Amino acid sequence: MISISNLSNPNFVLTGFPGLEVDYIWFAIPFSSIYAMVFLGNCMVLHVIRTEPTLHEPMFYFLAMLALTDLCMGLSTVPTVLGILLGLLQEISLEFCIAQSYFIHGLSIMESSVLLAMSFDRYIAICNPLRYSSILTKDKIMKIGIAILGRSSLLIPPVIIRLKFLNYCHPHILSHSFCLHQDLIRMACSDIRFNSIYALFLVISTLLLDSVLILMSYIMILHTVLAIASREERIKSLQTCASHVCAVLVFYIPIIGLTMVHRFGKHLSPLVHVLMGNIYIIFPPLMNPIIYSIKTQQIQKRIQRFFYLKGT
């Protein structure tokens, strides 16, 4: 039975995989492996970009930002996801829940912003190649990075801080093995109009706006590419965008899926909510290093050379 006597500063019960509690230790093995791959993969991408002078270009600086964001997303969720599967953690305090919610939502906005910056990079490279190096200088890339950091860290606090001052009178059971803003306000019995309206504003002004701008950039890229006479040149130009398109799909499809489940899936099994939540959190950080290692020849060759040197 969940106590609701302390309404303003409760503890929240984490949800692992409902109905499969006896098998948690077996779930811990693949999840530990996935998190290890997330950390090793993104660290490898960062190491390769840092140590390989030929990769000190705008495209790879943005990729480093993406890898760092994915690494931080993994670090922000691993304590609770593995904690509940290993039997080390069953509930968390409101303060920890708010902090985790801040990092998860902030990092989601950061990843969306980085993907937008990467689409701008591809647009300049294909539609205005002669001015590419003069437009995307190191100074401008640094300013873009600072703007991304400011956008993702400063827009979130108003809605997150208010969570501390809500009363939580509904059962304190989270839908996932980590904290999300929408999960917390679902348990509140205070006035949540500000949180609901501001959260909608955040989604529209960040994730939705970014996706629209990314789509527009690719419409203009496609228009430019189709005007190229040579078929080989058209294919070559589109191939430079393949990894970024995959990264965009890997990021936005789980977000759309999780949103649909939260909005229209009230009748669905709690297991579906948990699976969608874990896909949203783990899938992009896991897949992005794999995508860029396979699709980007410079990184692929550098990683192969790294392991070859290690083996000799």
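Biologist: Is Tyr198 buried or exposed?
Modeller: Tyr198 counts as buried, at 16% relative accessibility. Buried means under 20% relative accessible area, exposed over 50%, and partly exposed in between, with a 1.4 Å probe and protein chains only.
Biologist: What should I know about the model?
Modeller: This is a predicted model, where local features need pLDDT of at least 70, side-chain atom pairs count only at pLDDT 80 or more, and totals for chains, interfaces and linings use all residues. Residues are numbered from 1 along each chain as its sequence is written, and side-chain values use heavy atoms, leaving out hydrogens and water.
Biologist: How many aromatic pairs are there?
Modeller: Eight aromatic pairs. Rings of Phe, Tyr and Trp (its six-membered ring) pair if their centres lie within 6.5 Å; planes under 30 degrees apart are stacked, over 60 edge-to-face, the rest tilted. One of them, Phe12 with Tyr168, is edge-to-face: 5.4 Å centre to centre, with 90 degrees between the planes.
Biologist: Where do Phe12 and Tyr168 lie?
Modeller: Phe12 lies in strand β1 (residues 11-13), and Tyr168 in the loop between α6 (157-161) and α7 (181-186), so the pair ties together parts 156 residues apart in sequence. Helices (H or I, at least four residues) and strands (E, at least two) are DSSP runs, numbered from the N terminus.
Biologist: Are those two buried or exposed?
Modeller: Phe12 is buried, at 0% relative accessible area. Tyr168 is buried, also at 0%.
Biologist: Back to Tyr198. Why is its pair with Phe194 stacked?
Modeller: The ring centres of Phe194 and Tyr198 are 5.5 Å apart and the planes at 25 degrees, so the pair is stacked.
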